[in-house]
Structure formats: structure tokens, C-alpha cells
Amino acid sequence: MIGGRLKEFLKSKKYLVREISRKDFAKADFKRILKDIDIVINCIGVDINNSKNFKKTIKANFDIPTKLFEISNLVKVKYFVFLSSFHVYKQIPYRTINENSKLEITNNYNKSKILCEKSLKKKIKNTKLIIIRSCNLFGFPLNNSQNCWRILINSLIKKLSKN
């Protein structure tokens, strides 16, 4: 969902965009794809609703971003943006949360994000790492096969519009 939206936005602003999907991952020639790229924004991953299988979650949320970051370092990409999640934080009601707040593993999804963040931080060489921990993204996906109605805000809007 995020990648499709971001791709369309960047293209509308006349940026050169190269994309790799999870399906392309096994056969992608990353060195060629990332050559002469300034910024890599990793949007590949599974969401919390599709993270029941730990092995698949780790592949999408850890293995792929780690590989992309390693090659980004190798070909000297300037910036690598890793989309993590707000859900890595220990949830305490009515408390301000920032990048120094305590992390807590409660499920496969946030475990994969925390593990990947830690791994990427250890691999920094030539590429600056930027981690974004966003919260409750919403909107319909560009790819209609995506199930966007599991996202809290979308689900609420759908229920309200039916009633």
C-alpha cells in the first residue's frame, strides 16, 4: 500500500523511480538496479494482519530489507529509508513516545521490525540509515488485490458508511 502510493507521488514529481517487489526479490539484480541511485526507500514487508507465519514475516520484514541495505552500502547509495512501525514501542496509555522509548516484542510483526532495525544499524558503512516508525497508515491501495479494510481507520470508515 505505501509503496504504490509513494511511487505514484514521486513519479508525479518527475523523479526516476525503480521498484522491486517481494515477488521480484529472488531474481533481482540488485547491484544493477541500485547503481547510481541516491535514495532507497524500503516499503517491502507484510503488515501485522499478515504476519502469523514467522518464517514468511522474517523473509519480508527482515531478510529483504537487510539484503537491500547491504547492497546499498556496497554501491554507495546515499540514503536508505527503512519503514518500520510504531508498533515496536511498549504501549503505555497517555505517554509520549519518541525514538528513545522502550521497545517491546509482542508478536511476529513487531519482532521482525525490531530485529531488522538492530541488524541494519550494525551494517552502516557508506549509506545513511533513516528509520521511520509510522502509525496506522490508511487509504485504499493502488493494487485492488490488497485487503485495506483490515486497517483500523479504513474499517471504521467502512462501517460508518454502511450505517
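Hi everyone, two housekeeping points before we look around. Residue numbers start from 1 along each chain as its sequence is written. The model is predicted, so local features need pLDDT of at least 70, side-chain atom pairs count only at pLDDT 80 or more, totals for chains, interfaces and linings use all residues, and side-chain values use heavy atoms, with hydrogens and water left out.

Let's start with the sheet. It is an open one, made of 3 strands in the order β1-β2-β3, with parallel pairing. The edge strands are β1 and β3, and each pairs on one side only. On average, neighbouring strands are turned by 15 degrees against each other, direction ignored; the axes behind that angle are lines fitted to C-alpha atoms, for helices over the stretch in contact, and angles run from 0 to 180 degrees between N-to-C directions. When I say helix or strand, I mean a DSSP run, H or I of at least four residues for helices and E of at least two for strands, numbered from the N terminus. Two strands count as paired if DSSP finds at least two bridges between them.

How many bridges join β1 to β2? There are 4, between β1 and the parallel strand β2, residues 79-83. Along that pairing, Val40 stands opposite Phe80 in β2. On the β3 side, β2 and β3 pair in the parallel sense over 5 bridges, and Phe82 stands opposite Ile131 in β3.

Let's zoom in on β1, residues 39-42. Val40 and Asn42 make up its covered face, while Ile39 and Ile41 are on the uncovered one. As a reminder, in a regular strand the side chains alternate between the two faces of the sheet. Ile41 counts as partly exposed at 34% relative accessibility, where buried is under 20% relative accessible area, exposed is over 50% and partly exposed is in between, using a 1.4 Å probe and protein chains only.

Which residues form the nonpolar patch on the surface? They are Ile39, Ile41, Tyr79, Ile130 and Ile132, with about 380 Å² of accessible area together. The elements giving two or more residues to this patch are β1 and β3 (128-132). Patch members have over 30% relative accessible area and no salt bridge, with like charges joined within 9 Å and nonpolar side chains (Val, Leu, Ile, Met, Phe, Trp, Tyr) within 5 Å. The areas come from the Shrake-Rupley method with a 1.4 Å probe, and for residues only the protein chains shown count as cover.

Last topic: salt bridges. The structure holds 7 of them, each being a side-chain nitrogen of Lys or Arg within 4 Å of a carboxyl oxygen of Asp or Glu. One joins Lys7 and Glu19, with the closest N and O atoms 3.1 Å apart. Lys7 lies in helix α1 (residues 2-12) and Glu19 in the loop between α1 and α2 (30-34), so the pair ties together parts 12 residues apart in sequence. Glu19 is exposed, at 53% relative accessible area.

Another pair is Asp38 and Lys78, at 3.7 Å from N to O. This one links distant parts of the chain, 40 residues apart: Asp38 is in the loop between α2 and β1, and Lys78 in the loop between α3 and β2. Finally, salt bridges that share partners join Lys7, Glu8 and Glu19 into one network.
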